Amino acid sequence: MTLLPRAILFDLDDTLISLGRRPQLLAEVAEEFAADLTPPGPARVAEEMENAFRAFWSDAERHKRGRMDLAAARLGVVTGVFADLRRRTPGLPPETGRAFAARFDAYREEQIRFFPGAVEAIDELKRRGVKLALVTNGAAAVQRAKIERFDLAHRFDHIQIEGEAGFGKPEEQAYLHAMAALGVQAHETWMVGDNLEWEVAGPQRLGIHAIWHDHLGEGLPAESLVRPDRIIRSIGELTENLS
């Protein structure tokens, strides 16, 4: 039987809501632009886009700047790839880059969904008296729009957005502030999320029980030095076998 903590801090993106798999979304958008992408072809363009996004988001400084203005970050990555493509394929229409970026940005937003069982688990935890906080990085307007779109505000005792608070994960202040708002200490708290640094390593340094949401089902990366206290495939697992 599982004993619940006094409080749980939840991440938002790719924890409670799915943002979709970027390589697949890029491939689908590229197919929409197939007529303008031959050569090099939509599959090649989607692959180069994914490589460029991986490089961009793997850089800590660019990640911090980019998540505060996702549309601008995506535009920069996409137009950079298209600029390189045009050097190799002079016939590629110059306006395609911006059109692709705009469509990809809109398409990602269209594909956002709750993970199966996430709402039910949150509501059950709240019903059982667990104090809940939503602790998310990103720009205020973008994240608030998601909170309103998915009717999350009334489900949490505390909502903390990086763009509003002025700090975000993995800064210690992000976790400490959320716990203070809930009136709990680290040993009484769980953190749940998909990012091994932000929702596992950072919280563990403070003594928080860290649960990694492995929503892709790929397991820990072979090179990872981070070891979650628990790994779940779905948020619904949190309310299974409760005492």
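This is a predicted model: local features need pLDDT of at least 70, side-chain atom pairs count only at pLDDT 80 or more; totals for chains, interfaces and linings use all residues.
**Entry 1: H1 against H5**

I started with how helix H1 (residues 22–32) sits on helix H5 (residues 96–111). The two pack at an angle of about 130 degrees, and their axes are 10 Å apart. That angle makes H1 oblique to H5. I also looked up the hand of the crossing, and H1 passes H5 in a right-handed one.

Next I wanted the residues that make the contact. From H1 I noted Arg22, Leu25, Leu26, Glu28, Val29, Ala30 and Glu32. H5 brings Phe100, Arg103, Phe104, Tyr107, Arg108 and Gln111. Sorted by type, the residues of this contact come out as 7 nonpolar, 1 polar and 5 charged.

**Entry 2: Glu48**

Then I went to Glu48, which lies in helix H2 (residues 42–58). Is Glu48 buried or exposed? Its relative accessibility is 16%, so Glu48 counts as buried, the cut-off being under 20%. I checked what Glu48 touches, leaving out residues up to four places away in sequence, and wrote down Val81, Asp84, Leu85 and Arg88.

**Entry 3: H7**

On to helix H7 (residues 140–149), where I found Gln143, Lys146 and Ile147 buried. These three cover an arc of only 100 degrees around the axis, so they sit on the same side of H7. I turned to the face pointing away from that buried side, and there I found the exposed residues Ala141 and Glu148.

What do the buried residues of H7 pack against? I listed strand E2 (17–18), strand E4 (131–136) and strand E5 (158–161). I also looked just past the end of H7, where Asp151 takes a positive phi of about 55 degrees.

**Entry 4: H9**

E4 and E5 were already in my notes as partners of the buried residues of H7. After H9 comes Gly183, and its phi is positive, near 75 degrees.

Methods: Residues are numbered from 1 along each chain as its sequence is written. Side-chain values use heavy atoms; hydrogens and water are left out. Axes are lines fitted to C-alpha atoms, for helices over the stretch in contact, and angles run from 0 to 180 degrees between N-to-C directions. Helices (H or I, at least four residues) and strands (E, at least two) are DSSP runs, numbered from the N terminus. Angles under 35 degrees count as roughly parallel, over 145 as roughly antiparallel, 65 to 115 as roughly perpendicular and the rest as oblique. A crossing is left-handed if the near helix is turned anticlockwise from the far one by less than a right angle, and right-handed if clockwise. Contact means heavy atoms within 4.5 Å. Ala, Val, Leu, Ile, Met, Phe, Trp, Tyr, Cys and Pro count as nonpolar, Asp, Glu, Lys and Arg as charged, and the others, Gly among them, as polar. Buried means under 20% relative accessible area, exposed over 50%, partly exposed in between (1.4 Å probe, protein chains only). The arc is that of the directions from the helix axis to the C-beta atoms.
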